[in-house]
Amino acid sequence: MAQAAQAETEVTGLATIAKDWSSDVTTFKGVPWGKAMMWIFLLSDTFIFSIFLTAYMTVRTTTAEAWPNASEVFSLTMFGVPVPLLLIAIMTFDLITSSGTMALAVNYGYRRDKRRAVRFMYLTAFFGAVFVGMQAFEWTKLISEGVRPFENPWGAPQFGSCFFMITGFHGLHVSAGVAYLIIIARRISKGRYDNTNFEIVEITGLYWHFVDLVWVFIFAFFYLW
Amino acid sequence: MAQAEIPYQEAIPLHDPHTWITKYWFSQDHKVIAVQYGITAIAVGLVALVLSWIMRTQIGFPGLFDWIDPELYYQSVTMHGMIMVIYLLTAFLLGSFGNYLVPLMLGARDMVFPFVNMISYHVYLASVIILMLGYVPGMEGPTGAGWTLYPPQAILTGTPGADWGILTMLASLAVFIVAFTMGGLNYITTILQARTRGMTMMRMPLSIWGIGMATVLGLLAFPALFVSAIMMTLDNVLGTSFFMPAINSLEIGEDYAGGSPLLFQHLFWFFGHPEVYIVALPAFGVVSDLISVHARKNIFGYRLMVWAIVAIGGLSFIVWAHHMYVAGMHPYFGFFFATTTLIIAVPTAIKVYNWTLTLWRANIRFTVPMLFAIAFVITFVVGGLTGLFLGNVIVDVPLSDTYFVVAHFHMVMGVAPILVIFGGIYHWYPKITGRMLNDTIGLWHFWITFIGTYAIYFPMHFLAIPRRYYQYDIGESTILTPSMEILNVSITLTAYVVGIAQFLFIYNLIVSYRKGREAGDNPWEANSLEWCTPQTPPVHGNWGERLPTVHRWAYDYSVPGQERDFIPQDVPREAQA
Amino acid sequence: MSSEVGQQHPLTLYFWIWGLLFVVSAGSYATDYMDAGLLRWALILIFMFVKAGYIVAIFMHLKYERLALIYALLLPPGVIVLLVGLMYMESDYTWLTRIVFFGAEVSPERLPLPGTHH
């Protein structure tokens, strides 16, 4: 058949795109269904978060009132000295840590080291839960300082609206990710995926890294701007 | 590697239904889910049809019925638009045609994740129910903000349904998007990763290209609607001011400040324009197949048709603000968006030429589906040409919010895709049920619908009156000339007739299910894989032991020197006489 | 390509990237101590894209996937870039109309008004 002839002439670089897209059965060679579906879902989710951030940029630039200084708003006082964005920095490092443990889980999964993979997934879920906890603390602190979705003591009311909406939606993603990790880890230890390559760990990992990825952009645009 | 994946597909464990509930209600079979989507979409479409009668009654015979008050009128306008665009057209073309055709035309057992697919339908059903909650007695009724739901008026006192109505609408849209995402991920993953042996992308029937590209558009465009639905809900419930500027009029909206209504319009149309093509592309694809099959000729310029679909899909994301020329946006935008809008006419025109050239000197069989397909091309050309007027800023400004616009979008994305849906149903009903639809009723249905829609929408181009007006009288006087009044009355009367004709169609669907002529496996002598199933209607799993192998494209009709004038896709090259 | 049996890479790769991510995040955080200006913005964006790039390329293994998948995923967000650019123009214009037509007070951080400085 034509495919067999094609396989013999090895192509490289950009030509592989044409070859893969013009082949039969699968377009993304070697990508399991679940992984392809997760990637496409994440692309769609990228659009959701991009549009959240675009909307935030637009209202922030549109409003004639002054925008509160995030550096001051999110500072914590340590030993009598206000440290800007301290909690946010800790949250950032926490999320990176969880990304690292997740990457290890994926690696151990593909090595068929079930025990370590599951353990690192639980560890990832733990760091995720810690993140959500810190976010809850941050919300509580801001609410006690008078920040509401419709007003805040320092300037444009859209500050609070955007803050609660964007971090809230991200927090929901993290919480869902924690649940997802725990469910999949349990299923793995029960032996549900023993007949596979454990690509399920990578699929779960894709989602988790994506949550971290979104935080990179939120950190830059919401907290540093 | 690719070859290794096929045995997996052949051995894929199917969720076999045991009880009536798992077979017809919580079924994981894509064919059952397709029918579920179809029935729900038609049912909700009938609601929208009745709503359009209410609107037309008010415009044709203002003041005839007391119970059509301004609130009901605007609520009917809004719900009619939203239901038709989202809950009928999108749901039917992707949910029903997409679900039915994608696995069958690609030679797959089912969608890649049948369970998610099943959930998708039930979430869609939930979104329809939430939408209808707008009509719960005792509440204020559904929203009357117009289908574009522009703030600030959509959530301010004075607009019908500014609390309960808009909330049910936004919630329903968000839920619909969740349903669509679950279905859409399935369609696109199946198309990309689960085709059968020999089925390359360039051998896929154009229906699949259209459905696939529309799914991509949906997955990337619905996020904008999702986000704006969330933001507007927050504006309404929590009193945020994302879209709400400072308003101090008659003590309405005093709590808001600093938001940007223009932002909503941009986000809405960033979704809304791709949405036009989410509806149009599957229609383009399906109609290409109908024309080719019933003209007994290969589709003219298959490759160009494919690339046109891809180009339209890409361009549809950079034309959105042509809906906003009069919105007061940045003055430089008009030029940019007019240019991109006119560029998108090029691939669209290529498609129209190719349909026409496919018909040229063809051995046309004037079956009912073919009539609908030809009617689509005509209607689409008329609607598309007026789009050229509206795409130009300077021409659009005086035409904005007149019946010219109403005529344009009803022709191009209302009637045209509906004609394709009808054509598609007449075409695939024999495969779904094993029986033919009644031709006599079908012809009546076709001619009344086709001529009727022209009688409704063609005169609207010349009816130079503003749209979305409850009445055109000011005290004793009116802004309508007597000829306009006659037109309004005639349009309304035609709308009644066309509406009733749709019940003929539904009668046909029901009666033919039991009494229709036996169809056989391939009544239209078509090539694509869905006509090659071992059973008609196809059983769960579609293909028996082995998946089919594809050796050719789907358009080998009237090949010279052949016994029959069609060669199905699974016929090997060597077997060709 | 390694993709056939999933992604097999040495553990050291992950530890390296993990460490780098910490360093880049620290850099990103450090920009908060700088004065506002073009340099700060540039650093924020550079650190952001470097960090995002490492996560997507290594942790999500996109670098090791075939080009067909890479391009299918990286091209569509291009329309988001267009949306962001146009929305920035649009919001600036809206803001200006508010100052000019509604006499809204100008917050000091937005001064001088475009076109008014010499």
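These legends describe close-up views of a predicted model of a complex.

Figure 1. Chain B contains 15 helices and two strands. Its C-alpha atoms occupy a box of roughly 80 × 50 × 50 Å along the principal axes. The radius of gyration of chain B is 24 Å, which agrees with the value near 25 Å that a compact globule of 577 residues would have. Of the 577 residues in chain B, 54% count as buried. When contacts between residues at least 6 apart in the sequence of chain B are considered, 80% of them join residues at least 24 apart. For the complex, the predictor reports an ipTM of 0.94 and a pTM of 0.94.

**Figure 2. The contact between chain C and chain A.** Chain C contributes 50 residues to this contact, and chain A contributes 48 residues. On the side of chain C that touches chain A, at least two residues come from each of helix H1 (11-30), helix H2 (38-59), helix H3 (67-74) and helix H4 (78-102) of chain C. H4(C) provides the largest share of this side, with twelve residues. By residue class, the side of chain C that touches chain A has 30 nonpolar, eleven polar and nine charged residues. Chain C has a mean pLDDT of 86, and 86% of its residues reach 70 or more.

**Figure 3. The contact between chain B and chain A.** Here 39 residues of chain B are in contact with 34 residues of chain A. Helix H1 (2-10), H6, helix H7 (206-237) and helix H8 (261-295) of chain B each give at least two residues to the side of chain B that touches chain A. H7(B) gives the most, with eight residues. The side of chain B that touches chain A is made up of 25 nonpolar, eleven polar and three charged residues.

**Figure 4. Two cis peptide bonds in chain B, at B:Pro152 and at B:Pro537.** Most peptide bonds are trans. The bond joining B:Pro151 and B:Pro152 is cis, with omega about 0°. B:Pro152 sits in the loop between helix H5 (114-132) and helix H6 (164-193) of chain B. A cis peptide bond also joins B:Thr536 and B:Pro537, with omega about -10°. B:Pro537 belongs to the segment after helix H15 (482-515) of chain B.

**Figure 5. Positive phi at A:Val25 and at A:Leu85.** Most residues other than glycine have a negative phi. A:Val25 is not a glycine, yet its phi is positive, at about 60°. A:Val25 is placed in the loop between helix H2 (15-21) and helix H3 (33-62) of chain A. A:Val25 counts as buried because it has 24 C-beta neighbours inside 10 Å. A:Leu85, a residue other than glycine, has a positive phi near 55°. The loop between strand S2 (81-83) and helix H5 (86-110) of chain A holds A:Leu85. A:Leu85 counts as buried because it has 22 C-beta neighbours inside 10 Å.

**Figure 6. The domains of chain A.** The domain assignment divides chain A into domain 1 (1-30) and domain 2 (33-224). Taken over C-alpha atoms, the centres of domain 1 of chain A and domain 2 of chain A are separated by 38 Å.

Conventions: Residues are numbered from 1 along each chain as its sequence is written. Chains are lettered from A and ligands numbered from 1 in the order in which they are written. This is a predicted model: local features need pLDDT of at least 70, side-chain atom pairs count only at pLDDT 80 or more; totals for chains, interfaces and linings use all residues. Helices (H or I, at least four residues) and strands (E, at least two) are DSSP runs, numbered from the N terminus. The radius of gyration is taken over C-alpha atoms; the globule rule is 2.2 Å times the number of residues to the power 0.38. A residue is buried if 20 or more other C-beta atoms lie within 10 Å of its own, exposed if 12 or fewer, and partly exposed in between; C-beta atoms are placed from the backbone. Two residues are in contact if their C-beta atoms, placed from the backbone, lie within 7 Å. Ala, Val, Leu, Ile, Met, Phe, Trp, Tyr, Cys and Pro count as nonpolar, Asp, Glu, Lys and Arg as charged, and the others, Gly among them, as polar. pLDDT is the predictor's confidence in each residue, from 0 to 100. Domain bounds come from an automatic or database domain assignment.
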